[in-house]
Amino acid sequence: GVRNMVAGVNASVVGILLGALYDPVWTSAILGKADFGLALLLFALLVYARWSPVWVVLLAAVSGWSLGWLV
């Protein structure tokens, strides 16, 4: 019983975090196809290539700044 309750609480927390990520972060940061591609690439570097989050954040900052100059 307790295991099922903890699984339900975990699912609730994940839903709340996704909602918090979408509304202020996604809607203000992903404005076009280039932004989406960059976010997808950075996610792949974190999950599949297992890059350090520090390097991914630095790459995101430099890439976002570069995209800002292109637009």
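What follows is a conversation about a predicted model.

Colleague: Why is Arg50 called exposed?

Modeller: Exposed means over 50% relative accessible area. Arg50 has a relative accessible area of 70%, so Arg50 is exposed.

Colleague: Where is Arg50 found?

Modeller: Arg50 sits in the loop between H2 and helix H3 (53–70).

Colleague: What makes the phi of Arg50 worth a remark?

Modeller: Most residues other than glycine have a negative phi. Arg50 is not a glycine, yet its phi is near 55°, a positive value.

Colleague: How do you know what span is expected of helix H1?

Modeller: The expected span is 1.5 Å times one less than the number of residues. H1 covers residues 2–29, which is 28 residues, and the expected value is 40 Å. From its first C-alpha to its last, H1 reaches 39 Å, close to that value.

Colleague: Where in H1 does the kink lie?

Modeller: At Tyr22, shortly before the proline Pro24, and the kink is about 40°.

Colleague: Which residues line the largest pocket?

Modeller: Leu21, Val25, Trp26, Ala29, Ile30, Asp35 and Ala39 do. The space in this pocket is about 240 Å³.

Colleague: Which helix gives the largest share of the lining?

Modeller: H1 does, with four residues. Both H1 and helix H2 (33–47) supply at least two residues each.

Conventions:
Residues are numbered from 1 along each chain as its sequence is written. This is a predicted model: local features need pLDDT of at least 70, side-chain atom pairs count only at pLDDT 80 or more; totals for chains, interfaces and linings use all residues. Side-chain values use heavy atoms; hydrogens and water are left out. The bend at a residue is the angle between axes fitted to the seven residues ending there and the seven starting there. On a 1 Å grid over the protein atoms alone, a cavity is a set of points where a 1.4 Å probe fits but cannot get out, and a pocket is an open set with protein on both sides within 12 Å along at least five of seven lines; lining residues have an atom within 4 Å of a point. Grid points are joined across faces, edges and corners, and a volume is the space filled by probe spheres set on the points. Buried means under 20% relative accessible area, exposed over 50%, partly exposed in between (1.4 Å probe, protein chains only).
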